[in-house]
Amino acid sequence: MTQYNNRPPVVQPESAQEIAPGIIVIPDQYINLVPNVGIVIGTDAVLVVESGMGIENGQRVLHKALEIAGSKPLLFTTTHFHPEHAFGTQVFKGHATIVTNTTQADELREKGVTYLNMFRSLGPNAHKALEGVELVMPDETYQGEKTIDLGGKQVVLRELTGGHTRGDQIIFLPHEQVLFTGDLVENHSFPIFADQDASPSRWIKELTSLMHLSPATVVPGHGKPGKVELVQEFQDLLIFVHEEVNRRIKEGQALALIDQEAARIIKEHYQDWGNDLWIPFEIRSMYAELTGTPLKLPAL
Ligand SMILES: [Zn+2]
């Protein structure tokens, strides 16, 4: 099984790697509640993608970004509002221009406090990381798509239709063919269906649109960066679970049996994937959408 682990969720800028000219990733080291963080360096400005969870992580990322940027202005964005990606944003206020898609900002406003409380209850490490967190809104928002020229580096911010959250955003560098997906793609970690607004069918479609970009390098939300195969594998898994749950619904199986049997088969087929705690969430999300019934997620 891929070795995702529950070490304290600390972003480690000292392990930063240049994955393409002028594009840095601070890898998550397979630590749960740490995202892959991106720093994109232009001749005129520098863009940071994701803050990490909480003030200390935000400061670590900001410090690294300032060291790289020198006197160049900083821009900052997040792939979606979830705490481990975005709840260190307050540190960037005043140091960077914070830009996100409008839907993501709306979602943060609407659900941010609920997520703060939910993640604080995940255990002492998460609680500690989230001490003093304040939710801050972006300085600028956009709808649809926004292209930023950092000087010799074009970056496309694009909002999608809402698969993992309602306000998913990807960051794409068309020239370098590098794609930051947030949690729309993970490297061998089961998809996180923790959000009431997650939609399996839209998620599957979003992954098709990501493959159409033909990225050479894919930086997933969690796990090691890879190639476009990461997107394909992730979509294959979603389709596999979708078909498995759909077939059982058509056979008239009760939800309790689907929970049990689909989970068993998914684990059997995806033995080397990490974070299988998310499997029941995925099954429930598929079930709710396929049957048009209210979503009942298991307790975290
Ligand atoms: Zn997420």
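Colleague: Is H80 buried or exposed?

Modeller: H80 is buried, at a relative accessible area of 2%. Keep in mind that this is a predicted model.

Colleague: And D183, buried or exposed?

Modeller: D183 is buried too, with a relative accessible area of 1%.

Colleague: Which residues are the protein donors of the zinc ion?

Modeller: H80 through NE2, H82 through ND1, H164 through NE2 and D183 through OD, lying 2.2 Å from the zinc ion. Along the chain the donors follow the spacing H-x1-H-x81-H-x18-D.

Colleague: What does the pair H80 and D183 tie together?

Modeller: H80 sits in the loop between β5 (74-77) and α2 (83-86), and D183 in strand β11 (residues 178-186), so the pair links parts that are 103 residues apart in sequence.

Colleague: Why is the arrangement of the four donor atoms called irregular?

Modeller: Because the angles they subtend around the zinc ion run from 90 to 166 degrees. To count as tetrahedral, all angles would have to lie between 85 and 135 degrees.

Colleague: Switching to helices. At what angle do the axes of α6 and α8 cross?

Modeller: Roughly 60 degrees, and the axes of α6 (residues 229-250) and α8 (residues 279-291) come within 9 Å. That angle makes α6 oblique to α8.

Colleague: Right-handed or left-handed crossing?

Modeller: α6 passes α8 in a right-handed crossing.

Colleague: Which residues make the contact?

Modeller: From α6, L237, L238, V241, H242, V245, N246 and I249. From α8, E282, I283, M286, Y287, L290 and T291.

Note on methods. Residues numbered from 1 in each chain as written. Predicted model: local features only at pLDDT ≥ 70, side-chain atom pairs only at ≥ 80, totals over all residues. Heavy atoms only, no water. Donors = N, O, S within 2.8 Å, 3.2 Å for Na, K, Ca; no water. Tetrahedral: all angles 85-135°; square planar, octahedral: opposite > 155°, others 65-115°. Helix = DSSP H or I, 4+ residues; strand = E, 2+ residues; numbered from the N terminus. Buried < 20%, exposed > 50% of the residue type's maximum accessible area, 1.4 Å probe, protein only. Axes fitted to C-alpha atoms, helices over the stretch in contact; angles between N-to-C directions. Parallel < 35°, antiparallel > 145°, perpendicular 65-115°, else oblique. Left-handed = near helix turned anticlockwise from the far one by under 90°. Contact = heavy atoms within 4.5 Å.
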